[in-house]
Amino acid sequence: MESKVKELRYAIVQSIPVMLGYLFLGFAFGLMLNDAGYGFWWAFFISLFVYAGSMQFVLVTLLTAGASLWYTLIMTLFVNGRHIFYGLSFVENFKKMGITYPYMIFSLTDETFSLLCDLKVPEGMREERVSFYISLLDHCYWILGSCVGALAGRVLPIDTTGIDFSMTALFTVIVVNQWMDTKEHKPAVIGGVVGVLCLLVLGADTFLLPALTITAIIAVAAIVTLIIRAVPFVAFDGKREVPETVTYLGKVLPPAIMVILVIYCVKGINLFTGSHGIPELLSIAVVALLHIWKKNTLLSIAVGTILYMILVQVVF
């Protein structure tokens, strides 16, 4: 029992960076969901069962727009398709974790993946148990932030105008991270060009799905995303070599898709009327530059979102 307590304490310390980010982003998600007409219990169950981070922000727009199940399915595959490749690093480790194995697959988010990759457990502690605690804690942080945000939006007189920019800031941070982590920038450029062209030709309401599809065709001429996080655990047993096509998909699709999602977030701006897109473009620039400088996800998203809220509520 004493060893389990020590392992839990160690997991809490290791998960503090994710806790700060998840509480803030979860809070923003809860506020957005409440503004869309979905309260506390919606925030709780979506965060409990979906637990998809950036996809949950997109989900709010899908709910308000009355999107079809097929459209939601395709969007989820595109946004969270990168999770397929996270599991390749943990196939053997997770299979040793017994009853917690399915939950470890389900809870392998971007941030949990980064923590588990760098995890070094002190002597005398079980790595499997610490990994489970970290995954569970991260999940709880996200649920807590989401529920508090939904309650705050309902109870407190908060002007949430502009809080939806947190989704734009999140996608911007992901794009910046992917840009800095690789020397191959063609996928991101292709995604940006295709996204802008589709926006201009097809309009703000219908450009996203064609843009994502065209980008995927240009990148690989095939899409093999079937089941987001469970695929590597089903398809690869840790001994078989990962097909080159799958590896290639993992490298080229995520940057292109994330750039398109940033464009999707600002699809409603008009450069010729109103604020001329100044709040959105300025805030995105601040998020990108701040993240390049400080490399702190929470700081970049928080500063960018607060700046945007001030611009749209006070300045413009």
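The legends below describe close-up views of one predicted model.

Residues are numbered from 1 along each chain as its sequence is written. Because this is a predicted model, local features need pLDDT of at least 70 and side-chain atom pairs count only at pLDDT 80 or more, while totals for chains, interfaces and linings use all residues, and side-chain values use heavy atoms, with hydrogens and water left out.

**View 1. The whole chain.** The chain has 17 helices and zero strands. Helices (H or I, at least four residues) and strands (E, at least two) are DSSP runs, numbered from the N terminus. Of the 316 residues in the chain, 47% are buried. Buried means under 20% relative accessible area, exposed means over 50%, and partly exposed lies in between, with a 1.4 Å probe and protein chains only. A contact means heavy atoms within 4.5 Å. Among contacts in the chain with a separation of 6 or more, 80% join residues 24 or more positions apart.

**View 2. Helices H2 and H10.** Two packed helices are described by the angle between their axes and the distance between the axes. Axes are lines fitted to C-alpha atoms, for helices over the stretch in contact, and angles run from 0 to 180 degrees between N-to-C directions. The axes of H2 (residues 16-35) and H10 come within 6 Å and cross at roughly 40°. The crossing of H2 past H10 is right-handed. A crossing is right-handed if the near helix is turned clockwise from the far one by less than a right angle, and left-handed if anticlockwise. On the H2 side, the contact includes Tyr22, Leu25, Gly26, Phe27, Gly30 and Leu31. On the H10 side, Trp142, Leu144, Gly145 and Gly149 are among the residues that meet H2. By class, the contact of H2 with H10 has 14 nonpolar, seven polar and two charged residues. Here Ala, Val, Leu, Ile, Met, Phe, Trp, Tyr, Cys and Pro count as nonpolar, Asp, Glu, Lys and Arg as charged, and the others, Gly among them, as polar.

View 3. Leu144 lies in helix H10, which spans residues 127-155. Leaving out residues up to four places away in sequence, Trp142 touches Tyr22, Leu25, Gly26, Ser47, Tyr51, Gly53, Gln56 and Phe57. Trp142 and Phe44 are 98 residues apart along the chain, and their C-alpha atoms are separated by 9.5 Å. Gly149 is buried because its relative accessible area is 0%. With the neighbours up to four places away again left out, Gly149 touches Phe27, Gly30 and Leu31. The C-alpha atoms of Gly149 and Ala43 are separated by 8.6 Å, although the two residues are 106 residues apart along the chain. Leu144 is partly exposed, because its relative accessibility is 46%. From Leu144 to Ala43 is 101 residues in sequence and 9.4 Å in space, C-alpha to C-alpha.

View 4. Ser131 lies in helix H10 and, at 8% relative accessibility, counts as buried. Not counting residues up to four places away in sequence, Ser131 touches Met97, Met104, Leu116 and Leu119. Cys147 is buried, because its relative accessibility is 8%. Cys140, with a relative accessible area of 40%, is partly exposed. A disulfide is a covalent bond between the sulfur atoms of two cysteines. A disulfide is counted when a pair of cysteine sulfur atoms lies within 2.5 Å, and the count comes to zero.

**View 5. Helices H4 and H5.** The axes of H4 (residues 54-65) and H5 (residues 69-80) come within 10 Å and cross at roughly 155°. H4 is therefore roughly antiparallel to H5. Angles under 35 degrees count as roughly parallel, over 145 as roughly antiparallel, 65 to 115 as roughly perpendicular and the rest as oblique. H4 passes H5 in a right-handed crossing. Ser54, Met55, Val58 and Leu62 of H4 make the contact with Tyr71, Thr72, Met75, Thr76, Val79 and Asn80 of H5. This contact has six nonpolar, four polar and no charged residues.

**View 6. Two loop residues with positive phi.** Most residues other than glycine have a negative phi. Tyr51 has a positive phi, near 45°, and sits in the loop between H3 (40-49) and H4. Tyr51 is buried, because its relative accessible area is 1%. Lys295 has a positive phi, near 55°, and is found in the loop between H16 (278-294) and H17 (297-315). With a relative accessible area of 56%, Lys295 is exposed.
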